[in-house]
Amino acid sequence: TIRRFEDIQAWQEARVLASEIYRVTNSGDFARDFGLKDQIRRASVSVVSNIAEGFEKDSPREFVRFLRIAKGSAGEVKRNLCVTLDNGLLDENEFRCLYERASSISRLLAGFIKYLENSIEKNAVLNPQLAT
């Protein structure tokens, strides 16, 4: 049962990802690439933030909208990770670990979105006022 946004597995994984992104961007050449460092940090924090913010909304549809934004931000993290690999800012192993975590979060969000959308549709049929 999910009672708080902290109970959501995707949020837990996204929190770890954001911490890992901050760790890798604090050292070496990455720390000196201010633009990319800022971009990937903001994207990773956006995943965590949008899951939490959406959960706090009073509307299941709004929650789904924020989960979609979080999923998009996970995609942005993956894209930025590719840029870091292409420019030698991360080694292959670190890249793979971070990329897989971001991909896993994206899959978790996709499944959660689908589950919520199905629940919204079911509730709309049973009680249209509950679907808002």
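1. Helices here are DSSP runs of H or I with at least four residues, and strands are runs of E with at least two, numbered from the N terminus. The expected span of a helix is 1.5 Å times one less than its number of residues. On that basis helix α4, residues 60-86, has 27 residues and reaches 39 Å from its first C-alpha to its last, close to the 39 Å expected. After α4 comes G88, with a positive phi near 70°.

2. The model is predicted: local features need pLDDT of at least 70, side-chain atom pairs count only at pLDDT 80 or more, and totals for chains, interfaces and linings use all residues. Residues are numbered from 1 along each chain as its sequence is written, and side-chain values use heavy atoms, with hydrogens and water left out.

3. As to the overall fold, the protein has five helices and zero strands, and its pattern along the sequence is α-α-α-α-α. The C-alpha trace spans about 55 × 25 × 20 Å along its principal axes. Of the 132 residues, 40% count as buried (under 20% relative accessible area; exposed is over 50% and partly exposed in between, with a 1.4 Å probe and protein chains only). Contact means heavy atoms within 4.5 Å. Among contacts with a separation of 6 or more, 67% join residues 24 or more positions apart.

4. Helix α1 covers residues 9-24; its 16 residues reach 23 Å from first C-alpha to last, close to the 22 Å expected at 1.5 Å a residue. Its buried residues are A10, W11, A14, L17, A18, E20, I21 and V24. In α4 the buried set includes F63, V64, F66, L67 and A70, and also takes in the polar residues S73, K78, N80 and T84.

5. The packing of α1 on α3 deserves attention. Their axes, which are lines fitted to C-alpha atoms over the stretch in contact, with angles running from 0 to 180 degrees between N-to-C directions, are 9 Å apart at an angle of about 160°. That makes α1 roughly antiparallel to α3 (over 145 degrees; under 35 is roughly parallel, 65 to 115 roughly perpendicular and the rest oblique). The crossing of α1 past α3 is left-handed, meaning that the near helix is turned anticlockwise from the far one by less than a right angle, whereas clockwise would be right-handed. From α1, the contact is made by A10, W11, A14, R15, A18, I21 and Y22; from α3, by I40, R41, S44, V45, V47, V48, I51 and A52.

6. For α3 and α4 the angle is about 160° and the axes are 8 Å apart. These two helices are therefore roughly antiparallel to each other, and α3 passes α4 in a left-handed crossing.

7. The largest nonpolar core has 35 residues, and those with the most contacts inside it are I8, I51, L67, V77 and L81. Such a core is a set of buried Ala, Val, Leu, Ile, Met, Phe, Trp, Tyr and Cys residues joined through side-chain atoms within 4.5 Å. Two or more residues are given to this core by each of α1, α3, α4 and α5 (92-126). The largest share, nine residues, comes from α5. Leaving out residues up to four places away in sequence, V77 touches L17, I21, I40, A43, S44 and A102.

8. V47, in helix α3, counts as buried because its relative accessibility is 1%. Not counting residues up to four places away in sequence, V47 touches A14, A70, S73, A74 and I105. The C-alpha atoms of V47 and D29, 18 residues apart along the chain, are separated by 25 Å. N50 is also placed in α3, residues 34-56, and is buried, with a relative accessible area of 10%. Beyond four places in sequence, N50 touches F66, I69 and A70.

9. N80 lies in helix α4 and counts as buried, at 2% relative accessibility. Apart from neighbours within four places in sequence, N80 is in contact with L36, Q39 and I40. N80 and I40 are 40 residues apart in sequence, yet 6.1 Å apart in space, C-alpha to C-alpha.

10. D33 lies in the loop between α2 (28-32) and α3. At 31% relative accessibility, D33 counts as partly exposed. Its C-alpha atom is 28 Å from that of Q12, a residue 21 positions apart from D33 along the chain.
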